[in-house]
Amino acid sequence: MKPALAMAEPSEPGSSAGTSEPPECGSYAGYRAHINRDEDPCDRCKVANAAYMRSWRASQEERPCACCGLPGRIVSRGWRQACYERWNSAGRPAGGPPPPRMSRAQALIEYRAIRGTSTDEVIAERLGVGIKTIRRYEAALRQAGLVW
Ligand SMILES: [Zn+2]
Ligand SMILES: [Zn+2]
């Protein structure tokens, strides 16, 4: 008969910690399991957690959209959510997302975000409006004291 070793054994990380199977070490789940058990995560789990956090942060990071140049969380094809959805609902055209159809208020906000990043012509195209409209946006923002 083997005696019950669990209590007598000196602490050996990962072994005989509980009744249910603990998640494998070297994974983010393993790291969480250490934390839940109130232990210091082992090195393999620390590495896995660091990698997990890195990729999570990268997915949260705001980057300029390949379609419109506005910063946002990139979801697919280098586009942000709004542009990807526009592309989807337009029937996934080969040319990429169509220009956004925005209310004037939305367009003003977007314009304010990208004004000065390119020529007025390029910005007008990105916003799907004419150059005269861009000039009106600029005047409106200045009048409201939002840009100077
Ligand atoms: Zn571990
Ligand atoms: Zn975009």
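Which residues of helix 5 (residues 120–127) are buried? They are Ile123, Ala124, Arg126 and Leu127. Viewed down the axis of helix 5, these buried residues fall within an arc of 160°, so they line one face of the helix. Please keep in mind that this is a predicted model.

**The chain as a whole**

- The secondary structure of the protein chain comes to six helices and three strands.
- Read along the sequence, these elements follow the pattern α-α-β-β-β-α-α-α-α.
- The protein chain has 148 residues, and buried residues make up 16% of them.
- If you take the contacts between residues at least 6 apart in sequence, 22% of them join residues at least 24 apart.

**Helix 5 and its surroundings**

- What do the buried residues of helix 5 pack against? Their partners are helix 4 (104–114) and helix 6 (131–143).
- As background to the one-sided pattern in this helix, an α-helix has 3.6 residues a turn, so residues three or four places apart point the same way.
- Just after helix 5 comes Gly128, which takes a positive phi of about 70°.

**Helix 4 with helix 5**

- The axes of helix 4 and helix 5 come within 11 Å and cross at roughly 140°.
- Helix 4 passes helix 5 in a right-handed crossing.
- On the helix 4 side, the contact is made by Ala107, Glu110, Tyr111 and Ile114, and on the helix 5 side by Ile123, Arg126 and Leu127.
- Sorted by class, this contact of helix 4 with helix 5 has five nonpolar, no polar and two charged residues.

**Helix 5 with helix 6**

- The axes of helix 5 and helix 6 come within 9 Å, crossing at roughly 100°.
- Helix 5 and helix 6 are therefore roughly perpendicular to each other.
- Helix 5 brings Asp120, Glu121, Ile123 and Ala124 to this contact, while helix 6 brings Ile131, Thr133 and Ile134.
- By class, the contact of helix 5 with helix 6 has four nonpolar, one polar and two charged residues.

**Helix 4 with helix 6**

- Helix 4 and helix 6 also pack against each other, at an angle of about 85° and with their axes 10 Å apart.
- That angle makes helix 4 roughly perpendicular to helix 6.
- Here Ala107, Leu108, Tyr111 and Arg112 in helix 4 meet Ile134, Tyr137, Ala140 and Leu141 in helix 6.
- The residues of this contact of helix 4 with helix 6 divide into seven nonpolar, no polar and one charged.

**Tyr31, in helix 1**

- Tyr31 lies in helix 1 (residues 28–36).
- Is Tyr31 buried or exposed? Tyr31 is buried, with 23 other C-beta atoms within 10 Å, and the cut-off for a buried residue is 20 or more.
- Leaving aside neighbours within four places in sequence, Tyr31 is in contact with Pro41, Cys45, Lys46, Ala48 and Asn49.

**Loop residues with positive phi**

- Asp38 is found in the loop between helix 1 and helix 2 (43–60).
- Phi of Asp38 is near 65°, a positive value in a residue other than glycine.
- Asp38 is exposed, with 6 other C-beta atoms within 10 Å.
- Arg77 sits in the loop between strand 2 (71–76) and strand 3 (79–80).
- Arg77 has a positive phi of about 55° although it is not a glycine.
- Arg77 is partly exposed, with 13 other C-beta atoms within 10 Å.

**Val147, after helix 6**

- Val147 is found in the segment after helix 6.
- With 14 C-beta neighbours inside 10 Å, Val147 counts as partly exposed.
- Not counting residues up to four places away in sequence, Val147 touches Arg112, Arg115, Leu141 and Arg142.
- Val147 and Arg112 are 35 residues apart along the chain, and their C-alpha atoms are separated by 7.8 Å.

Definitions and conventions. Residues numbered from 1 in each chain as written. Chains lettered and ligands numbered in written order. Predicted model: local features only at pLDDT ≥ 70, side-chain atom pairs only at ≥ 80, totals over all residues. Buried ≥ 20, exposed ≤ 12 C-beta atoms within 10 Å, placed from the backbone. Helix = DSSP H or I, 4+ residues; strand = E, 2+ residues; numbered from the N terminus. Arc of directions from axis to C-beta. Contact = placed C-beta atoms within 7 Å. Axes fitted to C-alpha atoms, helices over the stretch in contact; angles between N-to-C directions. Left-handed = near helix turned anticlockwise from the far one by under 90°. Nonpolar A, V, L, I, M, F, W, Y, C, P; charged D, E, K, R; others polar. Parallel < 35°, antiparallel > 145°, perpendicular 65-115°, else oblique.
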